[in-house]
Amino acid sequence: MDTRSIRAQMPTLVRGHVPSNIRTFKFNIFDGQPKVSTLGFHIDPKPFEGKAIAVTDEAIVVKTGRAEFAVLDRTLVTEVPDEGAKVHVEPYARRRFDGQRADTPEEQTEFTADGKPYT
């Protein structure tokens, strides 16, 4: 998926779905590449729901909020929805061996020199 062309097409794709009193909109692109925070950590996306508003040859645009959208790579989607259909997206999330998500804090119990436990 070419993210440059998607970024250029976004204003025309979402034009009819943004209220007239809103000047900007936000969108996230889910293309199978891990997202990196400003601190350099990998971020696993959270599941979300929305309404499919546009389906192109490369991507599917889902409205998740009043002025928030998600762009999904069409090759990563198991089933291509029709326009106007409500969808539930559950992106891949890395997990630890105990089943918890890898981006959740991990509690460890350590002991001080005199034997007192702390977490």
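Asp 31 is partly exposed, its relative accessible area being 22%. This value, like those that follow, was computed from a predicted model. Asp 31 counts as partly exposed rather than buried because its 22% is not under the 20% limit for burial. The side chain of Asp 31 forms a salt bridge with that of Lys 35, with an N to O distance of 3.9 Å. Lys 35 is likewise partly exposed, at 30% relative accessibility. The distance of 3.9 Å falls within the 4 Å cut-off applied to such pairs.

A salt bridge also links the side chains of Arg 96 and Asp 98, where N and O are 3.7 Å apart. Asp 98 has a relative accessible area of 54% and is classed as exposed, because the limit for that class is over 50%. In total, two salt bridges were counted.

Five strands form an open sheet with mixed pairing, in the order S1-S6-S5-S4-S7. Strand S1 (26–30) and strand S7 lie at the edges, each pairing on one side only. On average, neighbouring strands of the sheet are turned by 40° against each other, direction ignored. Strands of a sheet pair through backbone hydrogen bonds, in either a parallel or an antiparallel sense. The pairing of strand S4 (residues 48–55) with strand S5 (residues 59–63) is antiparallel and involves four bridges. Within this pair, Ala 52 is placed opposite Val 62 of S5. Helix H1 (residues 3–13) packs on the sheet and touches S1, S4, S5 and strand S6 (68–73). The direction of H1 makes an angle of about 145° with that of S1.

The edge strand S7 spans residues 86–89 and includes His 88. His 88 has a relative accessibility of 48% and is therefore partly exposed, since the exposed class requires over 50%. Leaving aside residues up to four places away in sequence, His 88 touches Pro 47, Phe 48 and Glu 49. Of these contacts, the one with Glu 49 includes a polar contact between the two side chains, at 3.4 Å. The side chain of His 88 also makes a polar contact of 3.5 Å with the side chain of Glu 90. The C-alpha atom of His 88 is separated by 37 Å from that of Thr 109, and the two residues are 21 residues apart along the chain.

Note on methods:
Residues numbered from 1 in each chain as written. Predicted model: local features only at pLDDT ≥ 70, side-chain atom pairs only at ≥ 80, totals over all residues. Heavy atoms only, no water. Buried < 20%, exposed > 50% of the residue type's maximum accessible area, 1.4 Å probe, protein only. Helix = DSSP H or I, 4+ residues; strand = E, 2+ residues; numbered from the N terminus. Contact = heavy atoms within 4.5 Å. Polar contact = N/O pair within 3.5 Å; in protein donor to acceptor, adjacent residues only side chain to side chain. Pairing = 2+ DSSP bridges. Axes fitted to C-alpha atoms, helices over the stretch in contact; angles between N-to-C directions.
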